[in-house]
Amino acid sequence: MAQICVGISYKDASVDVRERSLLTAAQQDALLVAVMADQMPGNSELVILSTCNRTELYAMTSDAEAVDCLVDAWAMQVGITNANLHQLVWTLRDADCIRHLFEVSAGLESQVIGEPQILGQVADAYERARTHGAAGTYLSALFQRAIQVGKRVRAETALGHGMVSMSSVAASHSGHIFGDLAKATVLVIGTGEMARSAIAALVRHSVDKLLVANHNIAHAHELAVEWGGEVIPFTQLGEALLRADLVIAAVAAPHAILHTVDIAAMQPARGARPLVIFDIALPRNVEPGVGEIAGVRLYNLDDLQAVTDAHYEIRQAAIPDAALIIAEELKAFQDWQAARAAVPTIQNLRGKAEAIRAHELETVLHRLPDLDAHSRELIADFSRRLVNKLLHQPTLRLKEKTTSDDADLYTSIVADLFALDEGDPR
């Protein structure tokens with residue numbers, strides 16, 4: 001079995017492509033269930049990471065056909081033709097796959113290097129797969145190690161300096177556009193992690209007039225109270241848009257909530273006041289046509305990609321340190337994998353030795369019928385300790401050799417010398 005990752009990310013796919021290939025929570029569940037039901041031949045484990053910037057499927061697969069089957073199942077879920085999705089995705093295998101996940105978890109692969117949300121998203125992806133039983137021995141170990149890598153990089157390097165995120169970049173860029181955000185009325189639509197991060201960043205930029213809208217009025221009220229904002233029921237969203245100078249749209253919705261026809265219809269009532277909208281959600285909250293309306297400036301995730309902040313150079317300088325940690329953790333994980341490869345041989349060796357010990361013990365005790373129970377136990381204990389001591393060094397050496405280029409040679413020699421593939425050991 002090989003560890004593979006098939007995916008799409010902001011590096012090679014536009015926001016439109018990422019939106020169409022995004023797997024919803026329900027679609028992720030369907031794929032995880034399918035793997036556990038053996039409905040994707042050749043795929044024994046699966047973890048799905050699907051965010052604004054990437055959709056990546058990590059799996060244990062047996063061959064190329066199994067990879068094709070995985071991509072086909074993904075295509076069916078999102079309604080993209082198989083051929084089109086196969087052309088869009090890339091595939092990483094074994095060491096490249098492991099290294100990539102470590103880099104993702106560390107924030108090296110994020111649009112904003114070092115952004116903090118991705119580590120939680122990796123942990124959530126693993127937890128979802130674990131809940132469905134789709135993360136087995138290997139992927140559980142891989143994702144646990146990836147989470148550890150992400151924490152190490154943030155703790156031991158300056159890669160997370162400034163704790164930036166796409167929402168904080170949007171807030172920072174808003175400050176450049178308006179000059180003084182204290183004079184702007186800001187409408188934040190959504191109450192999730194992205195929305196909360198955006199509000200915190202906006203408050204740091206001296207925003208005073210804050211409007212918070214959400215389908216769940218209780219969640220909106222909670223956030224408004226926390227940050228001194230005004231709650232906007234969704235039924236009054238149109239009125240709030242008339243008042244707003246800046247809109248941050250960050251709602252987890254399967255479709256757009258701000259439509260071209262509605263924004264165009266309200267523009268005359270706004271007079272000469274411009275409207276700036278940052279759509280930091282995926283799927284997008286705002287129809288692309290909104291950006292073509294006179295007086296409206298629309299920014300999506302791709303538009304923010306080139307925007308940097310004051311800590312950019314500090315985080316860039318930390319990349320080599322992060323890369324060293326990733327290389328160290330990759331080596332440690334590969335050593336663990338190699339050691340596991342020797343486990344069947346070690347188990348077979350010890351199993352054969354135990355069978356021989358038990359047979360010979362039975363023979364000698366049969367020849368000494370007058371021995372009392374205590375003496376019998378002493379002889380049995382002696383036989384166990386003798387076998388363990390004889391096998392101790394060979395076991396350690398075999399584990400050590402599994403990390404070398406000759407690992408397969410050593411395991412095959414042991415199997416041949418002790419005839420581990422043969423039947424009755426007596």
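This is a predicted model: local features need pLDDT of at least 70, side-chain atom pairs count only at pLDDT 80 or more; totals for chains, interfaces and linings use all residues.

Biologist: How many helices and strands does the protein chain have?

Modeller: There are 16 helices and 10 strands in the protein chain. Its radius of gyration is 29 Å, whereas the globule rule gives 22 Å for 426 residues, so the chain is more spread out than a compact globule. The box filled by its C-alpha atoms, taken along the principal axes, is roughly 110 × 45 × 40 Å.

Biologist: How should I read the nonpolar interior?

Modeller: The general idea is that nonpolar side chains tend to be buried together in soluble globular proteins. Here the largest nonpolar core has 64 residues, and those touching the most other members are Met 40, Leu 46, Leu 57, Trp 74 and Phe 102. Apart from this core lies another, of 33 residues, including Val 188, Ala 250, Leu 282 and Leu 301.

Biologist: Which residues does Met 40 touch, not counting those up to four places away in sequence?

Modeller: Met 40 touches Leu 31, Ala 34, Val 35, Leu 46, Cys 69, Leu 70 and Ala 73.

Biologist: What should I look for in the backbone?

Modeller: Exceptions deserve attention, since most residues other than glycine have a negative phi, and most peptide bonds are trans. In this model, Leu 282 and Pro 283 are joined by a cis peptide bond, with omega about 0 degrees. Pro 283 is found in the loop between strand E9 (275-279) and strand E10 (296-299). Leu 282 is also among the members of the 33-residue core.

Biologist: Where does Asp 94 lie, and what is its phi?

Modeller: Asp 94 lies in the loop between strand E4 (90-93) and helix H5 (95-106). Its phi is near 50 degrees, a positive value in a residue other than glycine. Ala 419, in the segment after helix H16 (407-417), likewise has a positive phi, near 50 degrees.

Biologist: Are Asp 94 and Ala 419 buried or exposed?

Modeller: Asp 94 has a relative accessible area of 33% and is partly exposed. Ala 419 is at 17% relative accessibility, and because buried means under 20%, Ala 419 counts as buried.

Biologist: Which residues is Val 231 in contact with, leaving aside its neighbours within four places in sequence?

Modeller: Val 231 is in contact with Val 212, Ile 217, Ala 220, His 221 and Ala 224. Val 231 belongs to strand E7 (residues 230-233) and, at 23% relative accessibility, counts as partly exposed. From Val 231 to Trp 74 the distance is 39 Å, C-alpha to C-alpha, and the two are 157 residues apart in sequence.

Biologist: What of Val 112: is it buried or exposed?

Modeller: Val 112 is buried, with a relative accessible area of 8%, although it lies in the loop between H5 and helix H6 (117-132).

Technical notes:
Residues are numbered from 1 along each chain as its sequence is written. Side-chain values use heavy atoms; hydrogens and water are left out. Helices (H or I, at least four residues) and strands (E, at least two) are DSSP runs, numbered from the N terminus. The radius of gyration is taken over C-alpha atoms; the globule rule is 2.2 Å times the number of residues to the power 0.38. Buried means under 20% relative accessible area, exposed over 50%, partly exposed in between (1.4 Å probe, protein chains only). A nonpolar core is a set of buried Ala, Val, Leu, Ile, Met, Phe, Trp, Tyr and Cys residues joined through side-chain atoms within 4.5 Å. Contact means heavy atoms within 4.5 Å.
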